[in-house]
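Work through the exercises below with the structure open. Try each task before you read its solution.

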Amino acid sequence: MNYGEVDLLAPFDEKGDGAEGGGPLDLSELDLLAPKEDAGPDEEGPDLSEMDLLTPKEDAAPGESAPDLSEMDQDDLSNLEEPAAAGEPSRKKKPARTKPRSGAAATSGERLLGLPKKLAIGLFVGVVLVAAGAAAYFLVIRGNKPSSKGKTANTHSNTNTNTAPEQPLVSGKTPVAYAPAMDLDTHKGYLAADKTYRKQHKKTASNSLRAARAKARLCDAYRYGIKGKRLAKAFKLLAAGDADDVELRKAKALRHLLRNHLKKARGQLKKARAIAKKDPEIHVFLGWVELAAGRTLRAEKAFRRAIKYRGESAAALFGLARSLAGHEDPTKVAERKKLLAKIIKLSPHHVQARVAQLAGEPVKSATAGIKILTDLSASMDNDDAPKERATLALGLGLLHRRAGQLDRALVLFGQASKLAPVQEQILRAEGEALLEAGDGEQATKRLNAALKVAPHSERLLEALVRAHIAQGQPLAAKDAIDDFTARRSKGSKGIGNKPKKENRKTRVKRRKAKRPKKHKTKPIHDDTKPGEIKTATPRSPYLSLALGRTALALGKTAEAQNLFLESTAEAPRFTPGHVAYLALMLHKGRLEGMKSVLELIKRKYRDSLPSDLRDMEGQLLLARAKPAQAHKVFLEALKSEPHNNRILIHLALCLWQHQNQPEEAYLLLQKVFKRAKSLTRVVSLLADYHWKSGEKERAFGRFKAALKVNRSPSLKRQYAEFLLRTPNPVRLARAKKLLEPILQANSLDHGATALFALVELGQGRHKRAMIRIKRALSRSPKNLSYLVIKAKIAETSGRTKDALSIYDGLLDKRPKSRRIMLLRAQLLCRHRITKRCLKASKTILKQWDAPEGHLLRGLGYLQERKPGKAMRAFKKAIAKKNDYAEAHFLLGRTRYDDAAYRKALASLIRCVELAEEMARWWPDIHYFLGMSYFKVRNKRMAQKHLRKYLATKGNPDNVETSEQQRTAKSTLKKL
């Protein structure tokens, strides 16, 4: 609709009193500016310049608005005015149904002004309506000068195009010409509104128009972050004005909203609403205030009222869509989709609505969404606000992340944060992407910044808790939750407002006031009114989830389980809560219970089970030793999210570790790596693949290449861990260089502290190593890896009993832990506690037919001087794992003791091909090779290997090292 051609008299359908079969007045052929033909030369018609045709009735109560003509029937409309005597302005009366006068009363006079009475009355009504049309045309559309009395409307007629335009609401000042800024809700729309008001102000200067200009600029500042001279000018425009001016109150409310003084903004809007109840802008601004305060239900009501009075306002529709964003109710989700579609239809360049719409589409359409936003970005120019371009970059980043392209997403989020540094959605998206990449430190910074902008967001808090836990800082996560709840308790008194000081009388009154009776608790987002005493309210799902994660990180598994269940009690389809609870059950080994819980969850979701829960189902099947079924589940999950990096990684692990298909797993991991080089986990897995393939330098190369893209502490920790698997002086120095900056930046990083303890141990500083590991354990006392490091330090320091007691304590808590059983058995064999070593190896072989178990059993037999049984055990270990270098070495050594020197040479030569020089038993290989060559009379090779052996310090774990060194020296003399 063209608002410049609105006919303000369109709702009127009055019939002439004297016309036969009279219909609506046809004004199309009337010259509204010509003098009236029925006025005598000495007579004047009614002075329309002094008539207030658009004001409410004089007997209306103060603050009451004009009647809504579009909602009245024809009888009501025909009784709005009654004809007045000649030369007098018509008096208005209350719209009420009246019976037609009797015939006697109607014919009390035969003629009026020399004409038949009926004809004179009919002509007068026509003149009045024509004059009303002229006045409305000049005052509302053209912005003509105000009447001499100055009693016309001050707000623009925000009307619904489906019904007749609503009459302007009144505050006693100049009417404001309508500009469809709220209908478009774009930066250019608000600029156009400012220009319209400025042109109007040049023609008709008034404080209302000044306030309207300020309002347009302040809307632009709030929605699109416009600052500088434009915002300063808006504040100057508010310097003068009438206190009862609705436009001024709206502008002042926006100023308070920009300054985060929500209580003051709400007060100004309520006063404006008392004057102009049906002004949709007031309700839109109230919705913005309630959204800023985190009161989504109140915001929803305000936006619905705005839509009631103005159905085509993109600002109101988008505000309602924002207030519905957190709902999981299918009807609310469907309504939000319809709202976003309507916004885009009304305002095609509404970037925020377009991004919100594409963000809610299925993952398969991510590529199509990227194309739509790329085309929209190409159509933008310098006149568009930086915040609009930032929103586009945010939308593209979200879609790229859903398409698995994490590196590209991080670049786009960085661009968006430069354009709009304090936008909560951008900071949250960047923080969550960094957390997915494994950069917990940078993620914490972004999420903390986002919480400053939106201090009441539970979702932000939960992401921040995950970031702290990823860095190994559960106490920091707990502090973040405490700070959040403290802010939440003050939230009902208005964010950013200091509490008012109470005088003594008020304080005494408040203390004596009776406490209200407790009532049923409401959801946490249903905030009570300011000053009202709150009762205990149930926690929101995200807050319960954050508390549960923190409790789990602190070792309180029972409390964490209850909190995870609580997060899903209020929201039965809260997927993150279900995933956390299932992961906890998987960690505790409660596989049957996990299966039954998963079946119950499937009933709630029916056929639309999210991919995250499909992923948990696959992990459950892997834990139950059903890799084929797990493979199918992972493939089903990938049908709905084909680019989900997490599911692709789990599928690769299934192929690699459970289905013995390492090449296929490597191809999947390489596919993920091409899209997400900054993903720490995929870099670590690829390095592990190269390590197990014997390509150790290539494994280190993976980390070196990844550090060029992602210099996060987590990636540096992973690299240091790989370097410390087989330490030498060069690798120890490199690991130290990686860990020192991490500890300088964050001394509470217990992961880096534990790894630094291994560096100290490798450099022979046992006491310092023990201090480091105790410091790490003080922050994470139940960490299995840290306790294992402590046992290694104790064993190296000569305290074998202490090391054994640590392993025994761990086995009491985790009796089926394969890793701990192997470490304990190795310690027993190294220190020649033979009987216990054989017993431990038998226990391992009962549970797992692993090559390590056969190797340990062979070592036990070797210590008992049973070479035959030892050789059989070593051969079984090699049969299980052909590239088992240590098994080849021990078989060759046993054959040497059994005088089978040529067979010993074959095993030892194979061991040299497989073993790494960093192995502690590497010197022993050269000793037995040299002695075997001596026995078969190959002097040259015997000299070569014995000299290599003597060039080393020998095997520190071998008690026969000193005797072997003497034998090697004497043999060389013989040669």
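**Exercise 1. Find how helix α21 (residues 474-489) and helix α23 (residues 541-553) run relative to each other.**

Solution. Start with the terms: helices (H or I, at least four residues) are DSSP runs, numbered from the N terminus. Two packed helices are described by the angle between their axes and the distance between the axes. Axes are lines fitted to C-alpha atoms, for helices over the stretch in contact, and angles run from 0 to 180 degrees between N-to-C directions. Here the axes of α21 and α23 come within 9 Å and cross at roughly 150 degrees. Therefore α21 is roughly antiparallel to α23 (angles over 145 degrees count as such). The crossing of α21 past α23 is left-handed (the near helix is turned anticlockwise from the far one by less than a right angle).

This is a predicted model: local features need pLDDT of at least 70, side-chain atom pairs count only at pLDDT 80 or more, and totals for chains, interfaces and linings use all residues. Residues are numbered from 1 along each chain as its sequence is written, and side-chain values use heavy atoms, with hydrogens and water left out.

**Exercise 2. Locate the disulfide and say whether its cysteines are buried or exposed.**

Solution. Look for a pair of cysteine sulfur atoms within 2.5 Å. A search of the whole structure gives one disulfide. Its partners are Cys-829 and Cys-837, with sulfur atoms 1.8 Å apart. Next, check accessibility: buried means under 20% relative accessible area, exposed over 50%, partly exposed in between (1.4 Å probe, protein chains only). Cys-829 and Cys-837 are both buried. Now try two other cysteines. Cys-219 has 2% relative accessibility, so Cys-219 is buried. Cys-654 has 0%, so Cys-654 is buried.

**Exercise 3. Describe the aromatic pair of Phe-285 and Trp-288.**

Solution. Rings of Phe, Tyr and Trp (its six-membered ring) pair if their centres lie within 6.5 Å; planes under 30 degrees apart count as stacked, over 60 as edge-to-face and the rest as tilted. Phe-285 and Trp-288 make a tilted one, 5.3 Å centre to centre with 40 degrees between the planes. Both sit in helix α10 (residues 280-292), three residues apart, so about one helical turn separates them. Phe-285 is buried because its relative accessibility is 1%.

**Exercise 4. Which ring does the charged end of Lys-696 sit over?**

Solution. The test needs NZ of Lys or CZ of Arg within 6 Å of the ring centre and within 35 degrees of the ring normal. Lys-696 sits over Trp-691, 5.0 Å from the ring centre.

Definitions and conventions. Helices (H or I, at least four residues) and strands (E, at least two) are DSSP runs, numbered from the N terminus. Angles under 35 degrees count as roughly parallel, over 145 as roughly antiparallel, 65 to 115 as roughly perpendicular and the rest as oblique.
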